[in-house]
Amino acid sequence: MTVLLRTRVTAIGPEVADLAEGGVVILFADGSPPELAEVSVLHKTEHGPSDGAPQKGASITLGPLAATITAVGSSAWSKVLEMGHVVISFNGAAEAERPGEICASQVDAEALVAALKTGAIITIAA
C-alpha cells in the first residue's frame with residue numbers, strides 16, 4: 001500500500017458536525033481564512049501529498065473509519081497539492097459533481113461525526 005497523503009487533524013470548525021451528518025467533510029490546511037475554518041477540518045500534513053492523484057478504489061481512513069474512493073474531481077488533487085484543501089463526499093457517487101471533490105463510499109453519519117477529532121489521522125492510500 002502506497003500512502004498518497006497522511007495528515008493530522010489540528011482543529012474542527014463549529015459547523016463541521018452538521019456537514020458530516022450529511023456525509024461531507026471539508027479539509028483545509030492550517031492557516032485557512034477564519035470564514036473557511038468554521039466549516040473545515042483543519043489539518044497539518046505528515047506525509048505527502050503525492051504528485052499523483054488517488055484513483056477509484058483507493059482507500060481513505062479518518063481515524064477508525066474506512067471508506068473507498070469512488071470518484072475524483074478533475075481539480076481535487078491539485079487543490080490538495082496547492083493549499084491542502086479538498087471536499088470529501090461520502091456519497092458513493094461514481095462521478096464527482098464538482099471538480100474539487102473526492103467521492104468515497106457511504107459511511108455511517110454518526111461514526112463520521114465521532115471520528116472527527118483533533119489529533120485524528122486521515123490517510124489516503126493506493
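Trainee: Which residues are linked with E46 in a network of salt bridges?

Mentor: This is a predicted model, so take the pairs as computed. R8 and E46 meet through their side chains at 2.6 Å, N to O, and R6 also pairs with E46, with the closest N and O atoms 3.9 Å apart. Both distances fall within the 4 Å cut-off for a salt bridge. The partners linked with E46 in the network are R6 and R8.

Trainee: How many residues apart are R8 and E46 in the chain?

Mentor: R8 belongs to strand β1 and E46 to strand β3. That pair links distant parts of the chain, with a separation of 38 residues.

Trainee: Is E46 buried, partly exposed or exposed?

Mentor: Buried means under 20% relative accessible area and exposed means over 50%, with partly exposed in between. E46 has a relative accessible area of 40%, so this residue is partly exposed.

Trainee: Is K56 buried or exposed?

Mentor: The cut-off for exposed is over 50% relative accessible area. K56 comes out at 54%, so K56 counts as exposed.

Trainee: OK, on to H85. Is H85 buried or exposed?

Mentor: H85 is placed in the loop between α3 and β6. Setting aside neighbours within four places in sequence, H85 is in contact with I26, L27, F28, A76, K79 and V80. The relative accessible area of H85 is 16%, and under 20% means buried, so the word for H85 is buried.

Trainee: What is the relative accessible area of L27?

Mentor: L27 is in strand β2. Beyond neighbours within four places in sequence, L27 has contacts including V41, H43, H85 and I122. L27 is buried, and the relative accessible area is 3%.

Trainee: Which charge does the surface patch with E110 carry?

Mentor: E110 is in helix α4 and counts as exposed at 67% relative accessibility. E110 gathers on the surface with E15, D18, E21, E35, E38 and D108. Asp and Glu count as negative, so the charge of the patch is negative.

Terms used
Residues numbered from 1 in each chain as written. Predicted model: local features only at pLDDT ≥ 70, side-chain atom pairs only at ≥ 80, totals over all residues. Heavy atoms only, no water. Patch = residues over 30% accessible without salt bridge, like charges linked within 9 Å, V, L, I, M, F, W, Y side chains within 5 Å. Areas by Shrake-Rupley, 256 points an atom, 1.4 Å probe, with all protein chains shown as cover. Charge placed at Lys NZ, Arg CZ, Asp CG, Glu CD. Helix = DSSP H or I, 4+ residues; strand = E, 2+ residues; numbered from the N terminus. Buried < 20%, exposed > 50% of the residue type's maximum accessible area, 1.4 Å probe, protein only. Contact = heavy atoms within 4.5 Å.
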